[in-house]
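Subject: Handover of a structure

Dear colleague,

Please find below the structure that I am handing over to you. My findings follow it.

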Amino acid sequence: MYLTRLSLTNFRAFTRLDMDVPRRLLLLVGDNAQGKTSILESVFYLATFTSLQAQSDRQLVNFLVSNEPLAVTRMVAEFQRGERRHKMEVRLIIDSSATNGGRLRKEILVDGAKRAAHEAMGAFNAVMFVPQMTRIIEAGPEERRRYLNLALSQAVPGYALALSEYNQIVAQRNALLKQLFERSSSDVDQLGYWDDLLTARGATLIHARIGAVEEMERQAARIHHRLTHSQEILRLVYQPSYDPLEQPQGQYSLPIRAQAYRNNISHEQIQKGFLARLAAVRSEEIARGVTTIGPHRDEMRFLANGIDLGDFGSRGQVRTALLSLKLAEVGWLQERTGHWPVLLLDETLAELDTQRRLDLQTYLRETEQVLMTTTDLKLFDPEFAAQSTIWNIKAGVVVS
């Protein structure tokens, strides 16, 4: 899969961009705050319908038009997927004259037909690396869950819909739990309906995460071993809030360093066990007014030579592990979908030593399409730069 054309209207600093995208390697060169990262952000948004940079979609609307009666931001990607050409379009619309008080509306079109986000997810795939993504490893578990959700939504049919429905069910179930506690109601059988829905959608998420983490770990460990010159072994440890892996009676849960294999557990087994576990903690959940177990509380940890990088990793270790994860995600998406995703790398070479820069550029030649930003072309191997198309970006304009 690869982009053939990118068009932006009133997106961030770009009032208008309409360019053919080169087939293999594209280097976006320019000083800081010129719009290089915004181009990568727009491509990733067309794959996931969310921004890794902005707190809200409203921030993506160009400030010159944001206060107009009708402000429209458009992102359009034309791309090749296998033998077929496709078009993905996203419109962000702020109509200040409408009765909704100027709230933002998002429209998604795939090949000209409107689609809900969960329906359009996976039509176009991209993997993005930006320096701020170290929070996937260093910040709280919600960042790691978000990472998994975005990756799986692109590759696993039905995952995005199951996730959306699961979150709605948790909210409804929590409201019922609080109501049961406040009214001291004995009619707890009402929870049965929501438990069935919760465990059905939750089992879909857990089952997909088990497979994805184990598959990505194999690729990430191999890449990380290469980037660290065989000095470190990387592990991804999935810690589900409801663990379908039975623990021997009288023993505690497996410690983080223990290897746990869950990929032979079926969706049905997960759902059945999850339902039984909910029944066991029902009294506690009513007292607390919240759903205490489930995918919304899952965790994933990153270990290098047995050391938890989230707690004890150096800056270099965290960055190398994250880069390994992102490159593994590229290979994993290719295996899952049969198509290479577009790889988006923001200032990736700046904090790597000379050898790791060369190793990375060698690896990038194996992918289908890469868009990279840099403030300094000297960081690139001359042969790699010569094989690349170079766009110079200045104040939201491509000047070459």
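How many bridges join S9 to strand S10? Six bridges do so, and S9 and S10 (residues 299-304) run antiparallel. Strands here are DSSP runs of E with at least two residues, and helices are runs of H or I with at least four residues, numbered from the N terminus.

Please note that this is a predicted model, in which local features need pLDDT of at least 70, side-chain atom pairs count only at pLDDT 80 or more, and totals for chains, interfaces and linings use all residues. Residues are numbered from 1 along each chain as its sequence is written, and side-chain values use heavy atoms, leaving out hydrogens and water.

The strands S9, S10 and S11 form an open antiparallel sheet in the order S9-S10-S11; two strands pair if DSSP finds at least two bridges between them. S9 (234-239) and S11 (307-308) each have a single partner strand and stand at the edges, so one side of each is left without a neighbour in the sheet.

As for the whole protein, it has twelve helices and 15 strands. Its radius of gyration, taken over C-alpha atoms, is 23 Å, close to the 21 Å that the globule rule (2.2 Å times the number of residues to the power 0.38) gives for 400 residues, so the protein is as compact as a globular protein of that length. Buried residues (under 20% relative accessible area, 1.4 Å probe, protein chains only) make up 52% of the 400 residues.

Yours sincerely

How values were computed: Buried < 20%, exposed > 50% of the residue type's maximum accessible area, 1.4 Å probe, protein only.
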